[in-house]
Amino acid sequence: MSIDVELARSITPGTRHVNHLNNAGASLATRPVLDAMAAYFQREATIGGYEAEAEMQAEHDAVYDSVATMIGAHRDEIALVESATAGWNAAFTSIRFRPGDRILTGRSEYVSNALNLLLAAERDGVEIGVIPDDEHGQISIDALRDAIDERTRLIALTHVPTSGGLVNPAAAVGRVAREAGVLYLLDACQSVGQRVIDVDELGCDMLCATGRKFLRAPRGTGFLYVRQTVLDSLQPLLLDSRSANWTGPTTYEMEAGARRFEEFESSRATRIGLGVAVDAALALGLDAIAARTTALGADLRAMLRAVPGVEVHDKGDDRCAIVTFSVAGTAARDVQRALAERSINTSVTGPHFSQFDFPQRGLGLLVRASPHYYNTDDELAQLVDVVSGLGRKPTA
Ligand SMILES: Cc1ncc(COP(=O)(O)O)c(C=O)c1O
């Protein structure tokens, strides 16, 4: 099944205004997502927030099923949270580290995760090991296997980094984690929605993702998956009336499933929007989305490589729809600005997001373009045209 791009664009109002190649930042929402949220807000305003929640309980509950279906999990293994970071933090802080424990990670670990690894090293005395890349620029499975010892408590990996098109071999990492009996936390923030994600195939124990990127859900949405078999070995750092029941003056019972990682207060409307976005991705077909996004990323890389002075910086054997590049003689922010003047949305990434990686590769700021399935070849060509013009001298 292939994607009907015209149809996808017709239900995406933003495509009439911008050439949006910043889907790794936040994707353009669809009309059905907007309508579902608007209807929910309307009910809240009309009958009251708690009353609207009671009325729409079934729709809200169905979001867990949608997310679980998308990643091959059970609904009780899903916690709905506000961001990938909130999910990652909830999972990470539920592990009781002891001084001397080791955490292994990759060179592409996301900034916020890496900051918390550094904090844990300082506060709890854990040791952080950054596994080198293999010859393709992705995490080396051999080096990971060699690095694991009896002190290793956690493997924390970012599937698709914020700063490039790499897709780390997360399933191979999962096999190593299982062989060694080490917990495995996968940050799938940038792969969910553009790649097929199956938690059993990946072998991860915990996985976090955001709604706003390739899932095309609203900002302020995300989820955390926690495998049933590890749930009881994890203890949330903090509880509230959603994650636990206060059963007596000195007693409480934690929620049985992953909802022990949730908080009571959240935007129900945006969660409904998340559910609509996930259902839309499932209806289009995750395979079809993956095929189209991967192809658009490869096409854009090839088109940019053909422009004199342009260097493409994505690494890895498997590359997705995130394309990072530099233009000789033009700073990344100036490239982004020139594109924005033509209503072409991109973003800029750099060492501040990727200190385990960019300094080693001698990289500064790069332009990041990230098409989604609703983008067209013509839109890619528009970007390449502007970039080509940057190197050209004005004619007299
Ligand atoms: C790889 C990765 N992980 C996590 C995040 C954080 O996501 P959120 O802002 O939803 O917490 C990002 C955001 O750019 C990311 O690229």
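## Exercises on contacts and burial

Asp101 is buried, with a relative accessible area of 6%. Here buried means under 20% relative accessible area, exposed over 50%, and partly exposed in between (1.4 Å probe, protein chains only).

The model is predicted, so local features need pLDDT of at least 70 and side-chain atom pairs count only at pLDDT 80 or more, while totals for chains, interfaces and linings use all residues. Residues are numbered from 1 along each chain as its sequence is written, and side-chain values use heavy atoms, with hydrogens and water left out.

**Exercise 1. Find the salt-bridge partner of Asp101 and say where the two residues lie.**

Step 1: Recall the criterion: a side-chain nitrogen of Lys or Arg within 4 Å of a carboxyl oxygen of Asp or Glu.

Step 2: Apply it. The side chain of Asp101 meets that of Arg153, at 2.7 Å from N to O.

Step 3: Locate both. Arg153 is in strand S5 (residues 152–158), and Asp101 is in the loop between helix H5 (84–92) and strand S3 (102–106); the pair links distant parts of the chain, 52 residues apart. Helices (H or I, at least four residues) and strands (E, at least two) are DSSP runs, numbered from the N terminus.

Step 4: Check the accessibility of the partner. Arg153 is partly exposed, at 22%.

**Exercise 2. Describe two further salt bridges, Arg43 with Glu55 and Arg145 with Glu179.**

Step 1: Start with the total. The whole structure has 26 salt bridges.

Step 2: Take Arg43 and Glu55, whose closest N and O atoms are 2.8 Å apart. Arg43 belongs to helix H2 (residues 31–47) and Glu55 to helix H3 (residues 49–55), so this pair ties together parts that are twelve residues apart in sequence. Arg43 is partly exposed at 29%, and Glu55 is partly exposed at 42%.

Step 3: Turn to Arg145 and Glu179, where the closest N and O atoms are 3.4 Å apart. Arg145 sits in helix H7 (residues 141–147) and Glu179 in helix H8 (residues 170–180), 34 residues apart. Arg145 is partly exposed at 39%, whereas Glu179 is exposed at 57%.

**Exercise 3. Which of the aromatic pairs is stacked, and which is edge-to-face?**

Step 1: Set the rule. Rings of Phe, Tyr and Trp (its six-membered ring) pair if their centres lie within 6.5 Å; planes under 30 degrees apart count as stacked, over 60 as edge-to-face and the rest as tilted.

Step 2: Count. There are four aromatic pairs in the structure.

Step 3: Trp88 and Phe92 are stacked, with 4.7 Å centre to centre and 20° between the planes. They are four residues apart in helix H5, about one helical turn. Trp88 is buried at 0%, and Phe92 is buried at 5%.

Step 4: Tyr373 and Tyr374 have ring centres 6.1 Å apart and planes at 85°, so this pair is edge-to-face. Tyr373 is buried at 6%, as is Tyr374 at 1%.

Step 5: Trp88, Phe92 and Phe97 form one aromatic cluster.

**Exercise 4. Is Asn375 buried or exposed, and where does it lie?**

Step 1: Asn375 is in the loop between strand S15 (366–369) and helix H15 (377–391).

Step 2: Asn375 has a relative accessible area of 0%, so Asn375 is buried.
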